[in-house]
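Dear colleague,

I am passing on the structure below, and I would be grateful if you could look it over before we talk.

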Amino acid sequence: MDWFELGEDQEEEARAVGGRRKTAEDFELTKSQSKYELPTGYLSVSQVNLYNECPERYRRKYVEGNRTPGSSNLSQGRLVHEVIDRLNKYKISHGGAVPPAELGQDIISDIGADFFDDVATWDPRNPSQEHAIHYAREIVTLYTRDLLPRLDIRAAELEVFGLVNEAVPFLGYIDIVTVGEANKDLEAADPSLDRRAVKPGDMIGDFKVTGRNYGKHRVANSLQLSVYAGLTRTRDVGYYLLIDRSDRNREANRSPQIKTHKSTRTDTEIRHAYNVVERTAQAISAGNFPLTNPESWMCDAKWCPFYAQCRGAA
């Protein structure tokens, strides 16, 4: 379950642990080994999370194929992720050199507006395209200045896939892999070691664009990071919180912030996460899509794009 696949533009930035570069054919083989019938042929973190939040919403999206426009908060998050990914890859491809400060701003100028073409809901934190892009620029500036210089990046936007519990094809994207301290020493002492290979002791990280700081329990309990730790045979995981200013913070004239929360996964935690994934696959394969509890925050016209066709139907 230590299968890796690189994006086409990553060339050979990272490789499977002790193995060859995995291919699209390998992924198709993995899907063919599934013990369950799944709408997409595999599961991902977003699919597992959505099913466990609202099985009916999962059914409408993945079984019926209903797609819905996004929100301004999600679009801003996607934009920031894309820019940071390009900055990280610049640092990898330039031998660890930090990109010039203007590069991130130039990227936003080139592609920023494209991320808001399908926005249907303008959230209070980002009530307009101009507003969202302005604060995306602030976040990227802060990242380039304060965090990126401190990161020893092994890989960026690393695609990983494998059979969870030897039963469920799983596909995921790791935002960033940084080199563990022990591995830095090993690679410095032995130049023959493949620096591109993700190794036990490295840290896998996920960027979160958010309006507020997370409690440390969020990283400790993250299903996403537990599954990725298992697939990569690493144990150190973390969130990089890119905190946009909420309406309240903007009124107080507070700038964006970056917070890092780290955790270490145990075999028990990884095994539990794998079981969550497999039981979700079992339920989906069996056609079990109950309605969610109406007390759930998701069961609301503001948050669910299918509310009018479900609970809110006349």
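D85 counts as buried, at 10% relative accessibility, where buried means under 20% relative accessible area, exposed over 50% and partly exposed in between, with a 1.4 Å probe and protein chains only. This residue is found in helix α4 (residues 72-93), helices (H or I, at least four residues) and strands (E, at least two) being DSSP runs numbered from the N terminus. Leaving aside its neighbours within four places in sequence, D85 is in contact with A156 and E157, contact meaning heavy atoms within 4.5 Å.

Please keep in mind that this is a predicted model, in which local features need pLDDT of at least 70 and side-chain atom pairs count only at pLDDT 80 or more, while totals for chains, interfaces and linings use all residues. Residues are numbered from 1 along each chain as its sequence is written, and side-chain values use heavy atoms, with hydrogens and water left out.

On confidence, the mean pLDDT of the protein is 88, and 90% of its residues reach 70 or more; pLDDT is the predictor's confidence in each residue, from 0 to 100. Confidence is lowest in strand β1 (residues 3-5), with a mean of 35, and highest in helix α11 (residues 267-285), at 98. Over residues 1-20 the pLDDT is below 50, although this stretch has 69 contacts in the model beyond near neighbours in sequence.

As for the overall architecture, the protein has 11 helices and 8 strands, and buried residues make up 49% of its 314 residues. Among contacts between residues at least 6 apart in sequence, 72% join residues at least 24 apart.

Strand β6 (residues 203-210) is largely enclosed by the rest of the structure, because 7 of its 8 residues are buried. With strand β5 (residues 168-178), β6 pairs in the antiparallel sense over 3 bridges, pairing requiring that DSSP finds at least two bridges between two strands, and the bridge partner of V177 in β6 is I204. With strand β7 (residues 236-243), β6 pairs in the parallel sense over 8 bridges, and there F207 stands opposite Y240 in β7.

Turning to the rings, the structure holds 11 aromatic pairs, counted where rings of Phe, Tyr and Trp (its six-membered ring) have centres within 6.5 Å, with planes under 30 degrees apart taken as stacked, over 60 as edge-to-face and the rest as tilted. The rings of Y51 and Y58 form an edge-to-face pair, because their centres are 5.8 Å apart and their planes stand at 80°. Y51 is buried at 7% relative accessibility, as is Y58 at 0%, and ring pairs link Y51, Y58, Y62 and F289 into a cluster. R67 lies over the face of Y62, at 5.7 Å from the ring centre, the criterion being NZ of Lys or CZ of Arg within 6 Å of the ring centre and within 35 degrees of the ring normal. R218 likewise lies over the face of Y214, at 3.9 Å from the ring centre.

Finally, the structure holds 0 disulfides, a disulfide being a pair of cysteine sulfur atoms within 2.5 Å. For C54, which is in no disulfide, the nearest cysteine sulfur is that of C304, 5.9 Å away, and C54 counts as buried at 9% relative accessibility. The sulfur of C299 is too far for a bond, because the closest cysteine sulfur, in C310, is 6.3 Å from it; C299 is buried as well, with a relative accessible area of 14%.

With best regards
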